[in-house]
Amino acid sequence: MDQIAILAQGLKKSYGRVQALRGVNLEVQKGEIFGFLGPNGAGKTTTIRCMLDQIRPNGGVLRVLGLDPQAEPVAVRRRVGYLPGELHIDGNFTVEGALRFFNFLRQGKADWHFIRQLAERIDLDLKTPVKNLSKGNKQKIGVILALMHRPELLLLDEPTFGLDPLIQQEVHKMILEARAAGATVFLSSHILSEVESTTDRVGIIRRGVVVEVAKTSTLVNRSLRRVKIRFRQAVDASSLLALPGVALLSKGDGTSLSLQVEGEMDALIKALAAYPVVDFETERPSLEEVFLTYYQRDMDGGEA
């Protein structure tokens, strides 16, 4: 238990007749960056809000940094940095005023020099009134609020939503730096490229149930690959197409093939030893393609 940052067992939450969480089971190790994926309404934000005792579950067990959020909500929030999906800040504050106010609420725990460094890195003007900021610049305030007190655990709900690509990259660096300094990161995002580039493991939630947890690399490697083969001369490729998991995508004049391969590549590579191969290229789909394929297959099979 000492190495577990977040533990959920049979976590349930209903809003009237709507079951938002139907028995979430989850275990996040200290020091890892954990991606939390699911479509809108799957239960991602509800799960995070339960961790902070912003809403209370109807059943199950939940522990955050070894603490029960319902019994010790202040102790949990003191050790957590939270970026909500929708951040609301009084528009009459300047950026600096908002940051100083929230730092006051944290009893001045954050170092103001560090706050200025964060603001400079993501190009945020501290003197601007909050009411004059774009959605993207308000999001920057949220990033700083989550990071500024160097928390043990970061709960980030769509952390780079609304930010331009260069700022997104800088925020990714900040997240990786926080982990390098010992923090655990729980990251919910629709930007699957950032999940793929930053996370160690991924959990997929669907209709209030975590249906899969795996290493990010495992999810990508498990999926389909596209293979392009060029031969020295025209060949009969029927034996290749008969291999398990191999399907034809396109065929040229007999000197080239484009294939889709599901599962291991070993059988195909061994079979190609009998052919005059000039060039061989493979392309892995992105995590986004894996995610969409997963949900499309799920919908085709019935319950989504």
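Which residues are linked with R121 in a network of salt bridges? The legends below take up this question and others on a predicted model.

**Figure 1. A network of salt bridges joins R121, E170, K173 and E177.**
This close-up answers the opening question: R121 is linked with E170, K173 and E177. Start with R121 and E170. They form a salt bridge, and their closest N and O atoms are 2.8 Å apart. R121 lies in helix α4 and E170 in helix α6 (residues 165-180), so the pair ties together parts that are 49 residues apart in sequence. How accessible are these residues? R121 is partly exposed, because its relative accessible area is 30%. E170 has a relative accessible area of 17%, so E170 counts as buried. The cut-off for buried is under 20%. Now look at K173. K173 also sits in helix α6. With 45% relative accessible area, K173 is partly exposed. K173 also has T198 to compare with: the two are 25 residues apart in sequence, and their C-alpha atoms are 8.9 Å apart in space.

**Figure 2. E96 and K127 form a salt bridge.**
Side chains of opposite charge can pair when their charged atoms come close. Here the closest N and O atoms of E96 and K127 are 2.8 Å apart. The pair links distant parts of the chain, 31 residues apart. E96 is in helix α3, and K127 is in the loop between α4 (112-121) and α5. K127 is exposed, because its relative accessible area is 57%.

**Figure 3. R63 and D68 form another salt bridge.**
The closest N and O atoms of R63 and D68 are 3.8 Å apart. R63 has 29% relative accessibility, so R63 counts as partly exposed. D68 has 24%, so D68 also counts as partly exposed. The structure as a whole has 12 salt bridges.

**Figure 4. The largest pocket has a volume of about 720 Å³.**
Its lining has 26 residues. Which of them lie nearest the centre? They are R77, V80, Y82, F102 and R106. Several elements each supply at least two lining residues: α1 (44-51), α2 (73-78), β5 (80-83), α3 (95-105) and α5 (135-147). Helix α2 gives the most, with 4 residues. Sort the lining by class. There are 12 nonpolar, 8 polar and 6 charged residues.

**Figure 5. The largest cavity has a volume of about 40 Å³.**
How many cavities of 30 Å³ or more are there? The count comes to 2. The largest cavity is lined by L83, V143, L147, L156, P159, V171 and I175. Helices α5 and α6 each supply at least two of the lining residues. By class, this lining has 7 nonpolar residues, with no polar and no charged ones.

**Figure 6. An open sheet holds 6 strands with mixed pairing.**
Follow the order of the strands: β5-β6-β7-β3-β8-β9. Which strands stand at the edges? They are β5 and β9 (209-215). Each has a single partner strand, so one side of each is left without a neighbour in the sheet. From one strand to the next, the twist averages 15°. Now focus on one pair. Strand β8 (residues 201-206) and β9 run antiparallel and are joined by 6 bridges. Within the view, find R201, which stands opposite K215 in β9.

**Figure 7. Strands β11 and β12 form a hairpin.**
Strand β11 covers residues 246-251, and strand β12 covers residues 256-261. They pair in the antiparallel sense over 5 bridges. A247 stands opposite Q260 in β12. How many residues lie between the strands? There are 4. Look for G254 in this hairpin: G254 takes a positive phi near 100°.

Methods:
Residues numbered from 1 in each chain as written. Predicted model: local features only at pLDDT ≥ 70, side-chain atom pairs only at ≥ 80, totals over all residues. Heavy atoms only, no water. 1 Å grid on protein atoms, 1.4 Å probe; cavity = no way out; pocket = protein on both sides within 12 Å on 5 of 7 lines; lining within 4 Å. Points joined across faces, edges and corners; volume = space filled by probe spheres on them. Nonpolar A, V, L, I, M, F, W, Y, C, P; charged D, E, K, R; others polar. Salt bridge = Lys/Arg side-chain N within 4 Å of Asp/Glu carboxyl O. Buried < 20%, exposed > 50% of the residue type's maximum accessible area, 1.4 Å probe, protein only. Pairing = 2+ DSSP bridges. Axes fitted to C-alpha atoms, helices over the stretch in contact; angles between N-to-C directions.
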